[in-house]
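Subject: Structure handover

Hello,

I am passing this structure on to you. Please look through it before reading my notes below.

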Amino acid sequence: MTRTTHLILCALGALALATVASGAASETGITSSQVLIGGTTPLSGPASAYQSVAKGAAAYFRYIDAKGGVNKRKIKYVYKDDAYDPSKTADKTRELVQQDKVFAIFNSLGTEQNLATRAYLNAIKVPQLFVASGATTFGKDYKQYPWTIGYQPNYRAEGTIYGRYVAKTSPKARIGVLYQNDDYGKDLLAGLRNGLAKKAKLIVSKQSYDVEDPDVQSQVAKLKAAKVSTLMLFATPKFAIQSYVYAHKLGWKPTVYVNAVSSAANIMGLATAGTNKKQTEGSLSIVFLKDPTDAHWAKDPGVKLYRSIMKKYNGGNPNDVYAVYGMSVAHTFVAALKKAGKNPTRAGIMKAATSLNVTNDPFLLPGIAVKTSSTDHFPLDQAKLQRYHNGHWVSFGGLFRVR
Amino acid sequence: MRRGLGIAVWALTAVAVLALYLLAPHLVSDFHSRDLAQAGVFFIAIVGLNILTGYTGQISLGHGALMAVGGYTTAALAVHEHWRDVWTIPLAGIAAGVVGFLIGLPALRLSGIYLALATFAFAVAMPSLLKKFSGLTGGGQGLRLLEQAPLQVTGLSGTVTVFGHSTTQNHFLYYLTWGIGLVAFVIAWLIVRGRLGRTFRAVRDSEVAAASVGIDLARTKTLAFAISGVYAGVAGALFAIQAEIVNPLSFTFLLSILLLVGAVVGGLGSLPGMVVGAFFVEYVPDLSTHVSSKPGVPDFIYGAAIILVMILLPTGAGGLLRRVARPLTTRLYLRP
């Protein structure tokens, strides 16, 4: 594998050199007045709710541009529709690199989607920055893929936090897991086992579903039949909401741990609307972003800034936590770009992205830093636990740091 | 005299098509020739679907799954058996042809909407089937040629040398896909204008009448499914070669519906119209995200475009072509 990787690197390195050479003195995608970056997001299709991430990031870049940009360069961010189909991601990413000639790929969304382009981008040495997926591989396998770096707390770490908390607070729980049958779901499950450690046998039932499945009714029924008292929802929003609804229909009320992918306040609102307040009450999740719907942050300067940017440059729903995520990742890119100096190069931005220590991200919970090093490609690895109470998330306890 | 004129018109058309084939990638940017190559994949699949649905009258909502068979055959041979990607195309065609034959078997008992539902079930089941046999298919991750079989990918270095001519990978993919597309088109044309084509049309127009003149319905229908499957398989193989990745998410039932949309927009029962159908399927979804990317709007525009085409051109692009060309062709074919 290393030998073949080496071979592609050599073969395509030549191509990359040729591309760079034709771009004269400066780096591809960089002019004296602009930095061009691009990414993919599902603007259409079943996962199109996630597009708020890209739109939140775009709004933040417009805000930065209005303030004069970074080193007098404006950040132009193009995002293309991949409809959540990995083969389209591969195609659109090629378009961004070959046709639009972007400086770097930024925050493309989805686990399989980013896996589909990773080998290509690394072969031609185009940075694959801050991918919007918590799959552990994007941070862990940096030796093989030095041009790739993740962003959010990884799924394995998230699972570990839940596992440790259950083992500590309810050592007699009967744990049931609903997980998506892919890297994302399996990463969370592996983390959960890791966190439970010796208590891993508390898991009495594991049910999986496929993204294309219409619903998870039978899985929920099986979990109930296994007398599960603590339910782990390692599922995307649609299936998480369904799980609440079906559990409610069965008159079943386990303690629910819902993964961060589906714990946004608007998603929980839908789950509550589909059942009742009692069904979602007491659910647990992790949190690393400031929730704009949380009254606790109403006067927070970060959330105020977020709301003003949304109003001026986005126009979308200001209660969408995905947009906060987009702004946070855009903030991190701006920090990396500043660090890369007056004449950023692709190698330079990679170096900057892997030596970050950002402690002033206004969109993250206080105390959370964006920290990386040449051997640490996990920018965010801190989070808090939060509990759903009276229609709102309330965070509690201290910050966890898990790798 | 008129016969000579007819031959001249055909020869001119052939030369024009060939010239367009050779020149097209040079009229657009290098990257856009890759887009053209993708349209070529749809073209091949849709021509195959047209043989089955347009000429034989058997509706299939399962052609996306047949493309999956072709695409996964290519990817699995490259990754597990170290075949060079382009040499897997014939086998991918055969594999999907066999599967096509098998899903054609229910067609012997079912017809019309019931057959459509049976093939639809096949399309819906395909992603789960692909995940089930993860040893072969890579499960939910799929197979990534560039990562798992880089040495089997043609044009890895960005250029491809064919018979001493060096060309970019994107141009190579274009010439490969549309080259196969043209051959596939000619074969389809020979099939539908010959004896077999007449048999197909007889089955489409009336099964009872066809049977009463001695046509073996079972043989004809399964044969149409198998031929159509070969086309879908070849298209799937080219899809895998271009994307350098196969994943269950690329072969959901939406792909099957997209192909049927292409065949209907192109005009069922017309082969040249399939070019229009292929370009519709390739470009309209993209164009609709350019109009507006607000949530739901691209899907809406795409749907509206389909409805508009159906109202304005109920017989598809092929019907329009026929209407435009009729004054010319009737004069050509009128025997004195």
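Predicted model: local features only at pLDDT ≥ 70, side-chain atom pairs only at ≥ 80, totals over all residues.

Chain A as a whole: it holds 14 helices and 13 strands. Its radius of gyration is 21 Å, close to the 22 Å that the globule rule gives for 403 residues, so chain A is as compact as a globular protein of that length. Along the principal axes, the C-alpha atoms of chain A fill a box of roughly 65 × 50 × 35 Å. Of its 403 residues, 56% count as buried. Among contacts in chain A with a separation of 6 or more, 69% are between residues 24 or more positions apart.

Domains of chain A: domain 1 covers 2-153 + 300-382, and domain 2 covers 155-287. The centres of these two domains, taken over C-alpha atoms, are 30 Å apart. Domain 1 of chain A gives 13 residues to the contact and domain 2 gives 14. On the domain 1 side, helix 4 (111-123) and helix 13 (321-339) of chain A each give two or more residues. That side has six nonpolar, four polar and three charged residues.

Contact between the chains: 32 residues of chain A are in contact with 29 residues of chain B. On the chain B side, helix 2 (30-55), helix 5 (113-132), helix 7 (145-148) and helix 14 (297-312) each supply at least two residues. Helix 5 of chain B has the largest share, three residues. By class, the side of chain B that touches chain A has 11 nonpolar, 12 polar and six charged residues.

Regards

Definitions and conventions:
Residues numbered from 1 in each chain as written. Chains lettered and ligands numbered in written order. Contact = placed C-beta atoms within 7 Å. Helix = DSSP H or I, 4+ residues; strand = E, 2+ residues; numbered from the N terminus. Nonpolar A, V, L, I, M, F, W, Y, C, P; charged D, E, K, R; others polar. Domains from an automatic or database assignment. Rg over C-alpha atoms; globule rule 2.2 N^0.38 Å. Buried ≥ 20, exposed ≤ 12 C-beta atoms within 10 Å, placed from the backbone.
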